[in-house]
Amino acid sequence: MTFPVEVWYCMIRGFKKGVRTVNNLMTIVLLVAVLIYSVVNYVTGKTSLVFFLICVLALSVPLLKMLSIFLPEWKNR
């Protein structure tokens, strides 16, 4: 059971900022996953257009903010 711990340590060790950068990356991945889930639900007809637009707006604002934080950190790496 030490494999996930070793992978996590290697991910953290590869960044100068460490845990903060990994947390930002994981948040971006989670937001993108929820956006994809919302798109799939809209395409299959499980949600209405209004609910879909509210979801996209509510998820896009934090996603853009996280990207604006993450990209300069990644560039300065």
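**Figure 1. Secondary structure of the chain: 3 helices and 0 strands.** In this predicted model, the elements run α-α-α from the N terminus. Helices (H or I, at least four residues) and strands (E, at least two) are DSSP runs, numbered from the N terminus. Residues are numbered from 1 along each chain as its sequence is written. Because the model is predicted, local features need pLDDT of at least 70 and side-chain atom pairs count only at pLDDT 80 or more, while totals for chains, interfaces and linings use all residues; side-chain values use heavy atoms, with hydrogens and water left out.

Figure 2. Of the 77 residues, 22% count as buried. Buried means under 20% relative accessible area, exposed means over 50%, and partly exposed lies in between (1.4 Å probe, protein chains only). The chain exposes about 5900 Å², and 74% of this area is supplied by carbon and sulfur atoms. Accessible areas come from the Shrake-Rupley method with a 1.4 Å probe; for residues, only the protein chains shown count as cover. Among contacts (heavy atoms within 4.5 Å) with a separation of 6 or more, 60% join residues 24 or more positions apart.

**Figure 3. The largest nonpolar core, made up of 7 residues.** Its members are Ile28, Leu31, Leu35, Leu59, Leu63, Met66 and Phe70. Helices α2 and α3 each supply at least two residues of this core, and the largest share, 4 residues, comes from α3. A nonpolar core is a set of buried Ala, Val, Leu, Ile, Met, Phe, Trp, Tyr and Cys residues joined through side-chain atoms within 4.5 Å. Leaving out residues up to four places away in sequence, Leu59 touches Leu31, Val34, Leu35 and Ser38.

Figure 4. Asn24 counts as buried because its relative accessible area is 9%. Apart from neighbours within four places in sequence, Asn24 is in contact with Met66, Ile69, Phe70 and Glu73.

**Figure 5. A nonpolar surface patch of about 450 Å².** Val39, Tyr42, Val43, Leu49 and Leu53 make this patch. The elements giving two or more residues to it are α2 (19–43) and α3 (49–75), and α2 gives the most, with 3 residues. Patches are made of residues with over 30% relative accessible area and no salt bridge; like charges are joined within 9 Å, and nonpolar side chains (Val, Leu, Ile, Met, Phe, Trp, Tyr) within 5 Å. A salt bridge is a side-chain nitrogen of Lys or Arg within 4 Å of a carboxyl oxygen of Asp or Glu. Leu53 is found in helix α3 and counts as partly exposed, because its relative accessibility is 48%.
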